[in-house]
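Hi,

Here is the structure I said I would pass on. Have a look at it first, and then read my notes below.

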Amino acid sequence: MSQPPTTALITDLAAVLRRPVTSGRDLKAVETLCAAFLDRPRAERARAARELPRLSRGADTVLLLSVMAAVSGDLRYYDELLDAVEGNIAQSGLEGLLHIHAGIGRQLFLMRMNPESRPGFFEERQFPFYRRILDEIRRRQAIVPPARRAGGADSGRVVLVTNQFLSLRHQPSRDLLSYAALLEDRCGREVVILNTNIMPAEVHSLFVPSFAASVEPAFSGDQRIEADGRAFRMLSSVEPCVSPGKIAWFLKAIAALDPDAVLSLGGSCVVADLMAGARPTLCIPTTTGATLSLADIVLDFGGGAAPAHGPLARSWRPFRFLHSLAGAAPRADAARAAFGLDEGAFVCAVVGNRLDAEADGAFLAMLEALLDRVPRAVAVFAGQADTLPRRLAAARHAGRLRCLGYVSDIGALLAVCDAYVNPRRTGGGASAAEALAAGAVPLSLPGGDVASVVGPRFTHPDYGAFVERLAALAADPAALAAAAAEARVQGSRRTGPEEAAADLSRYLDEAAALFRDRRPSTEGSGKD
């Protein structure tokens, strides 16, 4: 399908930017036009971004600069955006600041930005901007974190703080409960979960692409969360973002619970980071890449290298994230017929929660090339998608590219697939761990969670190498069986619960020691 000329796209985008943007529908129209540039050559994208200010005079500064960044992938436009925002930060709404922060973070997570366009962006701009937001929260809401008294006995309790708990269909929520069980059963700690829902759930700025977090209304107040025969106490607030009193309520709860440590699951965890310095703090990241956290100890997702400089150079520690689905038992009862798959097909699975964005033109072109080479190959997509089915229907091999929608038992699907094919993205670590356990041969580009999980043996330099590898496996049953066995071995080598518990216990003790070492210099400060 031919694409419209770049000039026409620029003209259309500029016309939308010149009009008042007053609703979510207006922002969505801007985002749709920005997305049309993603598959264009980088030089075309850069030229389009440079032309927009001349054609869009009068556009809102945050809107225009975020559009220029989205169109070009150039992080330097975020430099300009943050200059403008920080110059007026005292008068800006907290919700708007967090909305911009979340939007930038999501663009980086989705690998939409070119890191080479602005080396040092995380250390020099993104992290300091997050610190300034925390400072504004402290100043405006008169936040005084409840510091732990020196010499007090350990409580044996920890609080596990998350930005978002949704349901057992939500992988990070399942991981949170797995870590709660690990801390209680293997580390001997009592766990209380704090579900803070601090991320913006509505649009609070004109930053695009926009971001709005999901909130589960049923999780409000002091309650018990049950899963797999276990129950955990969870304190949750569904009040909007950083509404007055919300953060104070959580900090009061921390003071009453008197935990030995505050653990955050994931970065940019505002409530946990407000406790930095007041109690021992530790962050367990949920994805690869640099983690925005002020914790005493910030763990690695798995396989990364220690930062040579920057805000995490002292706090980073080696670790391997333990997915709740890793090591799942092989599915002897799984059947291809349950998914409408032929026994003789060479089945490639694509799994994700953002398939509309991540299964992009380049990825689908790779699959089409594979289907040209291997007549019995089919590709199935597991995960919610709105626009992907229409794009697959327009493909040359539409009948062999199938959307399954949400699959409740992804292990059963992967158990009947030959390969697990990962698009260019950051996330996907949990499904990659499932693929290894099921013996579905994984293929990943370098970088991101999947590459970290599957290891270098299953990492390939580009999509062309994907086609060659998959075609070779489809043509040689013995090679396919050997690769599947190797995948299972790689899955078994990943850190198990015993090792993860030992690491966490050691790091919790270290965080406590670091906190004790700070006490002499803070005893006379009056902050107690």
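Trp249 touches Gly221, Leu235, Ser236 and Ser237, leaving aside residues up to four places away in sequence. This is a predicted model, by the way, so keep that in mind for everything that follows. Trp249 itself belongs to helix H9, which covers residues 246–257. With a relative accessible area of 34%, the Trp249 side chain comes out as partly exposed.

On confidence: the mean pLDDT of the protein is 91, and 95% of the residues reach 70 or more. The stretch to treat with care is 521–528, where the pLDDT is below 50. Beyond near neighbours in sequence, those residues make six contacts in the model.

Now the rings. I count nine aromatic pairs. Take Phe363 and Tyr463: their ring centres are 5.7 Å apart and the planes meet at 65°, which is over the 60 degrees needed, so this pair is edge-to-face. What I like here is how the pair links distant parts of the chain, with Phe363 in helix H12 (residues 361–373) and Tyr463 in helix H17 (residues 463–475), 100 residues apart. Are these two buried or exposed? Phe363 is buried at 0% relative accessibility, and Tyr463 also counts as buried, at 15%.

An α-helix has 3.6 residues a turn, so residues three or four places apart point the same way. Phe466 is buried too, with a relative accessible area of 0%.

Elsewhere, ring pairs join Tyr78, Phe121 and Phe207 into a cluster. Tyr78 is also among the buried residues of helix H5 (residues 76–86), along with Tyr77, Asp79, Leu81, Leu82, Val85 and Glu86. What do the buried residues of H5 pack against? Four helices: H3 (42–55), H4 (61–72), H6 (94–109) and H7 (121–141).

Two arginines sit over rings. The charged end of Arg506 is over the ring of Tyr507, 4.9 Å from its centre. Arg457 lies over the face of Phe458, with 5.8 Å to the ring centre.

One more arginine to look at is Arg336, in the loop between strand E8 (316–317) and strand E9 (346–351). Arg336 counts as buried, at 9% relative accessibility. A polar atom of the Arg336 side chain lies 3.0 Å from the backbone oxygen of Glu343. Not counting residues up to four places away in sequence, Arg336 touches Leu341, Asp342, Glu343, Gly344, Ala345, Val347, Val416 and Asp418.

That's what I have for now.

Cheers

Note on methods. Residues numbered from 1 in each chain as written. Predicted model: local features only at pLDDT ≥ 70, side-chain atom pairs only at ≥ 80, totals over all residues. Heavy atoms only, no water. Phe/Tyr/Trp six-rings, centres within 6.5 Å; stacked < 30°, edge-to-face > 60°. Helix = DSSP H or I, 4+ residues; strand = E, 2+ residues; numbered from the N terminus. Buried < 20%, exposed > 50% of the residue type's maximum accessible area, 1.4 Å probe, protein only. Lys NZ or Arg CZ within 6 Å of the ring centre and 35° of its normal. Contact = heavy atoms within 4.5 Å. pLDDT = per-residue confidence, 0-100. Polar contact = N/O pair within 3.5 Å; in protein donor to acceptor, adjacent residues only side chain to side chain.
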